[in-house]
Amino acid sequence: IPASLVRNCPANDPTCDPHTHQGPGLIQLFGMSYVEAGLLGSLLYLGLTLSCVFGGSVLLQYPPKATVGGGLVVNILCNSLFASATTTHVLLATRVGVGLSQALLVMYIPVWVDEFAPPDQCTTWMSYTQAGVPVGIMLGYLVSGFLQANTLMSWRVSFWGQVVALLPCCLALLCTPARYLEVRTSAGRAK
């Protein structure tokens, strides 16, 4: 989000500052207050936190393929809505939705690693999965910042790129047999 708050534009664009070559970003395009701009960055984490309240129960009651897959579909939909938003309210609501949808996967990955990783590799697998979150955030900021600083692409391109990147993940999850996703409880039943 931070790189999208302003945008680069050609010097002959009348909406640009002639000294910085920065044009209107999300704040100006949507007439956002600084509070709304702050919320835009933090509502994803509010969604993650709220989802943790009920996510464990959801994961216990429904098959992991359905819950994680459903979360991934909701994430794709929310990012698509964010990328095509025309109002501040849609921007803010979809950021909460992205957070809500990510929490199910974040909660389930450690359980899945504990079940499926070879015993002598469990810590390594866990470290890779845990590193994926900050590495993904960092790469997202780097790519978005690069696009904003060096191209005339809209801020929306970064979010559409995320949607495109998530579609093969969704397809892969759909094609994965449930037995590779379900964790066994102490009673031997899949959960």
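**View 1. The protein, a predicted model, contains six helices and two strands.** Helices (DSSP runs of H or I, at least four residues) and strands (DSSP runs of E, at least two residues) are numbered from the N terminus. Along the sequence the elements follow the pattern β-β-α-α-α-α-α-α. Of the 191 residues, 34% count as buried, where buried means under 20% relative accessible area, exposed means over 50%, and partly exposed lies in between (1.4 Å probe, protein chains only). Residues are numbered from 1 along each chain as its sequence is written, and side-chain values use heavy atoms, with hydrogens and water left out. Local features need pLDDT of at least 70 and side-chain atom pairs count only at pLDDT 80 or more, whereas totals for chains, interfaces and linings use all residues.

**View 2. Helix α3 (residues 64–83) crosses helix α4 (residues 88–116) at roughly 155°.** The two axes, which are lines fitted to C-alpha atoms over the stretch in contact, with angles running from 0 to 180 degrees between N-to-C directions, come within 8 Å of each other. That angle makes α3 roughly antiparallel to α4, because angles over 145 degrees count as roughly antiparallel, under 35 as roughly parallel, 65 to 115 as roughly perpendicular and the rest as oblique. The crossing of α3 and α4 is left-handed; a crossing is given this name if the near helix is turned anticlockwise from the far one by less than a right angle, and is called right-handed if the turn is clockwise.

**View 3. Helices α4 and α5 cross at roughly 155°.** The axes of α4 and α5 come within 9 Å, and the two helices are therefore roughly antiparallel to each other. The crossing in which α4 passes α5 is right-handed. Tyr108, which has its place in helix α4, counts as buried because its relative accessibility is 9%. The C-alpha atom of Tyr108 is separated by 9.6 Å from that of Val183, although these residues are 75 residues apart along the chain.

**View 4. A nonpolar patch on the surface is formed by Tyr45, Val106, Val133, Ile137 and Tyr141.** Together these residues have about 450 Å² of accessible area, computed by the Shrake-Rupley method with a 1.4 Å probe, and for residues only the protein chains shown count as cover. Patches are made of residues with over 30% relative accessible area and no salt bridge, with nonpolar side chains (Val, Leu, Ile, Met, Phe, Trp, Tyr) joined within 5 Å and like charges within 9 Å; a salt bridge is a side-chain nitrogen of Lys or Arg within 4 Å of a carboxyl oxygen of Asp or Glu. Helix α5 (residues 122–150) supplies the largest share of the patch, three residues. Val133, which lies in helix α5, counts as partly exposed because its relative accessibility is 46%.

**View 5. Phe159 lies in helix α6 (residues 156–175).** Phe159 counts as buried, at 7% relative accessibility. Its C-alpha atom is separated by 6.2 Å from that of Asn79, a residue 80 residues apart from Phe159 along the chain. In the segment after α6 is Arg179, which counts as exposed at 56% relative accessibility.

**View 6. Leu50 is found in helix α2 (residues 34–61).** With a relative accessible area of 42%, Leu50 is partly exposed. The C-alpha atoms of Leu50 and Gly99 are separated by 8.5 Å, and the two residues are 49 residues apart along the chain.
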